[in-house]
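Here is a friendly walk through one protein chain. Please keep the sequence and the 3D view at hand as you read.

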Amino acid sequence: VVLIALSSMKSSFVVAVEPTICVLHRWPKQEATEASKDNNSSQENTSYSSLLPCLSWGWSLVSGGGNVVHPILARSWGETLQLLRANYITPVNAPVDNENIPTIVDHDSKQWPAFGVLSEDEFATDSTIV
């Protein structure tokens with residue numbers, strides 16, 4: 001599965017472009033806090049609503065993931081940095097080998113990742129992240 005990230009003024013999207021094109025996850029824009037609204041209202045020509053996010057993919061070891069690296073999408077939008085984890089979950093009916101380790105028999109079958117944003121993966125700053 002090949003993943004890309006795109007964004008509009010209201011949401012960010014994780015899109016699979018291979019083997020088929022499919023929107024896998026919609027990540028809505030987080031509402032501005034009152035403090036950031038106050039800070040932005042005092043600045044000329046800058047408002048929270050006019051900022052677009054910066055999106056970047058990377059790889060990371062995650063808590064509970066053992067030695068397996070997971071794709072991580074980092075999104076900075078306004079004064080917030082958020083991380084979205086992509087986890088590949090073994091299907092319940094997946095075939096297993098003699099040691100109960102999941103195996104993939106059909107290499108053409110699609111396994112879409114599951115996505116999750118956790119509260120500990122969000123960081124706030126005092127100024128806009130660019």
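## Strands and overall layout

Strands in this report are DSSP runs of E with at least two residues, numbered from the N terminus. With that in mind, Val 2 sits in strand β1. Please note that the model is a predicted one.

The chain holds one helix and eight strands. Read from the N terminus, the order of elements is β-β-β-α-β-β-β-β-β. The chain has 130 residues, and 27% of them count as buried. Among contacts with a separation of 6 or more, 50% are between residues 24 or more positions apart.

## The surface and its nonpolar patch

Which residues make the nonpolar surface patch? They are Val 2, Ile 4, Leu 6, Val 17 and Ile 21, and the patch covers about 410 Å². Strand β1, residues 2-7, gives the most to the patch, with three residues.

## The largest nonpolar core

In soluble globular proteins, nonpolar side chains tend to be buried together. Here, the largest nonpolar core has eight residues: Leu 3, Val 14, Ala 16, Trp 27, Leu 73, Leu 84, Ala 86 and Phe 115. Strands β2 and β6 (80-87) each supply at least two residues of this core.

Setting aside neighbours within four places in sequence, Val 14 is in contact with Leu 3, Leu 73, Leu 84 and Phe 115, among others. Its contacts also include Ile 4, Cys 22, Val 23, Leu 24, His 25 and Trp 57.

Is Ser 12 buried or exposed? Its relative accessible area is 1%, under the 20% cut-off, and therefore Ser 12 is buried. This serine belongs to strand β2, which spans residues 11-18. The side chain of Ser 12 makes a polar contact of 3.2 Å with the side chain of Ser 7. Beyond four places in sequence, Ser 12 touches Leu 6, Ser 7, His 25, Arg 26, Trp 27, Pro 53, Leu 55, Arg 75 and Trp 77.

Gln 82 lies in strand β6. Because its relative accessibility is 6%, Gln 82 counts as buried. What joins the side chains of Gln 82 and Arg 75? A polar contact of 2.7 Å does. Arg 75 is also among the residues that Ser 12 touches.

## Val 69 in strand β5

Val 69 is part of strand β5, residues 69-77. With a relative accessibility of 43%, Val 69 counts as partly exposed. Leaving out residues up to four places away in sequence, Val 69 touches Trp 59, Ser 60 and Leu 61. How many residues apart along the chain are Val 69 and Asn 87? They are 18 residues apart, and their C-alpha atoms are separated by 9.5 Å.

## A cis peptide bond

Most peptide bonds are trans. In this model, a cis peptide bond joins Glu 18 and Pro 19, with omega at about 10°.

Definitions and conventions: Residues numbered from 1 in each chain as written. Predicted model: local features only at pLDDT ≥ 70, side-chain atom pairs only at ≥ 80, totals over all residues. Heavy atoms only, no water. Helix = DSSP H or I, 4+ residues; strand = E, 2+ residues; numbered from the N terminus. Buried < 20%, exposed > 50% of the residue type's maximum accessible area, 1.4 Å probe, protein only. Contact = heavy atoms within 4.5 Å. Patch = residues over 30% accessible without salt bridge, like charges linked within 9 Å, V, L, I, M, F, W, Y side chains within 5 Å. Areas by Shrake-Rupley, 256 points an atom, 1.4 Å probe, with all protein chains shown as cover. Salt bridge = Lys/Arg side-chain N within 4 Å of Asp/Glu carboxyl O. Polar contact = N/O pair within 3.5 Å; in protein donor to acceptor, adjacent residues only side chain to side chain. Core = buried A, V, L, I, M, F, W, Y, C linked by side-chain atoms within 4.5 Å.
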